[in-house]
Amino acid sequence: MSRNAAAPGTVAAPDRPGRIRLLLSRLYVQCLLAVLAGVVVGSLWPSFGAELKPLGDGFVALVRMMIAPIIFCTVVHGIAAMSDRRAVGRVSLKALVYFEILTTIALVIGLVVVNVVRPGSGLHVDVSTLSTDSLPAEATQAHESFADFILSTIPDTLVSALTGEEILPVLLVAVLFGFGLQASGEAGASIAAGVEKLSTVLFRLIRWIMRLAPIGAFGSMAFTIGNYGLGTLRHLALLVGSFWLTALFFVLVVLGGVMRMGGLRLLPFLRYIKEELLIVLGTSSTEPVLPRMMAKLEHAGASKPVVGITLPAGYSFNLDGTAIYLTMGSVFLAQAVGVDLSLTQQLTMLAVMLLTSKGAAGVTGSGFVALAATLSAVPHVPVAALALIFGIDRFMSEARALTSLVGNGVATLAVARWEGQLDEARTRAVLRGDLPFNPDDTAADDLVPEEPAGSPREPVPAVG
């Protein structure tokens, strides 16, 4: 008998090298290792780590290139397949109501925590010593009004929406085009079929691009640590720590409560999107995972139109992490420079933040720009005070992005259930791991609805 052959009646030991190779082939493991490697490189060789920024920027740019056409195809085909046109308006209204409620809760939680912890007390910063020279240009320029923000959602041409960097114009054009196809009879049906086939190709491309996620996460994390250094955290550790803990509280308690109201649990959902969470942790941006989140939420039982409308809209209207950051950041700066804000002044700032938080896209640094817009609109705290937290903003950017990503995923499931467009039996099976997500089958199976999206899906029996 061969030495390697198992004796009769015995169980062969598992092939350990094979298990390791299988583990290393998983995207979330690759991203986790890349993030850790980025921290090590940035700490040991700061100048080299800072030079790796193009790796992260290049990956984000590749994904951003695909976002507009993917959103367009997904929303257009979903609406064209709907039998009830009013359902689109109903989904949009429910999503906006949900967004406003959760954003307000996030703002209030941040406001309470920063007033209790008071991380800026005792700094006694002299405002005259502060300068805006070190701040990015977009943080000190004039910020658009709410009316300008609404008008900016209307693109110059139908095609220019697909070539811009904003999500809302794409969503507007896609909704209008979807209604146009729905009302055009046979001609519209043939174009909708072509759009469906195009989406299959686009998701195949995004699957290939996502293989570069570990490289992007490594470059972004090495840049963050190398450029800013872990030492900067020591000076404002109380603010950074309290912000991360507040974001964690919001996710576990508030978003966990929303999931429980729908008969679901948060932790299985977090395990389900662990790859996306690690990519966001590495890149500090939610944009790279938007296509995969759309695919995963559809795979989890939410209908295509609800996912196509709610998730992209949430990237501009439901930034829970940014909402927490705005209240904590603004009151911290007031405490640091010795400005005693009354309750009325803080509530006024909160009302302004309900507007300024809506213009922040899911990209790195957008929360900092939104904070600058808030301070410009409410002149209680000088804009120059932003220089105090500019160096540590990147360390809070990860928490903002992670919180907003989870918040938008939970929002999509909640709105789908509210609309009766969530296959709850399938959702539970997916979150249990009985129906694993396979990106290889995404373009062919999960992103092509087998029935009109205007009516609830037939439940899929739970496995096991």
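R400 lies over the face of Y325, 4.2 Å from the ring centre. K53 sits likewise over F223, at 5.4 Å from the ring centre. A charge counts as over a ring if NZ of Lys or CZ of Arg is within 6 Å of the ring centre and within 35 degrees of the ring normal.

This is a predicted model: local features need pLDDT of at least 70, side-chain atom pairs count only at pLDDT 80 or more, and totals for chains, interfaces and linings use all residues. Residues are numbered from 1 along each chain as its sequence is written, and side-chain values use heavy atoms, with hydrogens and water left out.

The whole structure holds three aromatic pairs. Rings of Phe, Tyr and Trp (its six-membered ring) pair if their centres lie within 6.5 Å; planes under 30 degrees apart are stacked, over 60 edge-to-face, the rest tilted. Two of the pairs are tabulated.

| Pair | Class | Centre to centre | Angle between planes |
|---|---|---|---|
| Y98 and F99 | edge-to-face | 6.3 Å | 75° |
| F243 and Y325 | edge-to-face | 5.9 Å | 75° |

The pair F243 and Y325 links distant parts of the chain, 82 residues apart. F243 is in helix 13 (residues 237-261) and Y325 in helix 18 (residues 320-336). Helices are DSSP runs of H or I, at least four residues, numbered from the N terminus. Both F243 and Y325 are buried. Buried means under 20% relative accessible area, exposed over 50%, partly exposed in between (1.4 Å probe, protein chains only). Y98 is buried at 8%, and F99 at 0%.

Note on methods: Helix = DSSP H or I, 4+ residues; strand = E, 2+ residues; numbered from the N terminus.
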